[in-house]
Amino acid sequence: MDLFNKIRGEFIDIIEWTDDSRDTMVYRFERYNNEIKMGARLIVRESQIAIFINKGKIADIFEPGDYTLETDNLPILSTLQGWKHGFHSPFKAEIYFINTRRFTDLKWGTKNPITLRDPEFGPMRIRAFGTYAIRITNVTNFIKEIVGTDGHFTTDEITSQLRNLIVSRFADILGETKIPILDMAANYDELGEFICQKIHDDFLAYGIEITKMLVENISLPTAVEEILDKRTSMGIMGNLQQYTQYQTATAIEKAAENEGGLAGGGMGMGMGFAMANQMGQNMQQNQQHSQPSAAVPPPLPQEKPFYVAINGQQQGPMPISQLQLLVNNGSVTRESLVWCEGMSNWEKASDVETLSQLFAATPPPLPPL
């Protein structure tokens, strides 16, 4: 086998690399004893760069094109070998082909949840994942910093390091932007572009450029998602009385479909009508109790709940007693904006007569010097 490789190497006169894989970043052209015939033909295709390495050092670099290897187009290698007057015997050099096309659909994701503080829900843990695309832009840095002497370098050998860089920057960016959890889905594109900018220099140190960054999903723990689903369901139900009436009507319909013939259906319908009648009586009694009479005083007037702006976020509605606690701990001040039903616009808390008493024990701000 060694003899065959030696004979084959001596007759190699075309050096090229045709690759049908989608993940090879660097390929070393193999031939016996690293010998290349002077005058051999070098073919570098589009999205490729060929590098000649002599005694561990990068010598000549060839862009896409068709070359005849002679001393006049191997200037650095010729200098290293000391060919002052030309040379026609085989010479030794390692040849690496660098794939400069764009590598797409590379995966990134968080191994462990990222903890952050949400302005609405407080401390939260989230997970995220997506894809990104890269390409080699500085072949010298890539060979020196990443590849070394690897003769067949693929994306799998670097994606773990790149993924760690992305996740680290992603956690920092979420902490800086302070985007609410419920608003993140509307900012996936902006997050991807921002992360690209943040990690551009980190990737460039390896000779790599990140060309696209996609955030595909940001998810909450399963228990939190279930609570949010229940909260959404309550909001969709709306009027609880109407929902109860709908459930009753559905129960009547299903009772009529029960097995047991007409008797069973009639019994089911009877039970359903009885339930509906009982509910109607209860509602009528509640309405009668709510009407004022001569011997019973009317119910006490209910205070209107207020909305308040805290750190640029709308909070509420909340009763005055809860506002008092926020005033006491300094979250709400005289200058805080408030609103309740009947007000045409937001006003300072100190200007609302109902709330002015909350600041009775709180000194006003110092006058300007």
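Modeller: Two strands pair if DSSP finds at least two bridges between them; strands (E, at least two residues) and helices (H or I, at least four) are DSSP runs, numbered from the N terminus. The model is predicted: local features need pLDDT of at least 70, side-chain atom pairs count only at pLDDT 80 or more, and totals for chains, interfaces and linings use all residues. Residues are numbered from 1 along each chain as its sequence is written, and side-chain values use heavy atoms, with hydrogens and water left out.

Biologist: What is the order of the strands in the open sheet of 5 strands?

Modeller: The order is E6-E5-E9-E2-E13, with antiparallel pairing. E6 (57-62) and E13 (152-154) are the edge strands, because each pairs on one side only.

Biologist: How do you know that strand E5 and E6 pair?

Modeller: Pairing requires at least two bridges. E5 (residues 48-54) and E6 have 4, in the antiparallel sense, and therefore count as paired. Isoleucine 53 stands opposite isoleucine 58 in E6.

Biologist: Which residues line the second largest pocket?

Modeller: Among them are Ile53, Ile58, Tyr96 and Ile143. Lining residues have an atom within 4 Å of a point of the pocket, which is an open set on a 1 Å grid over the protein atoms alone, for a 1.4 Å probe, with protein on both sides within 12 Å along at least five of seven lines. E6, E9 and H3 each give two or more residues to this lining.

Biologist: What volume does the second largest pocket have?

Modeller: About 150 Å³, a volume being the space filled by probe spheres set on the points.
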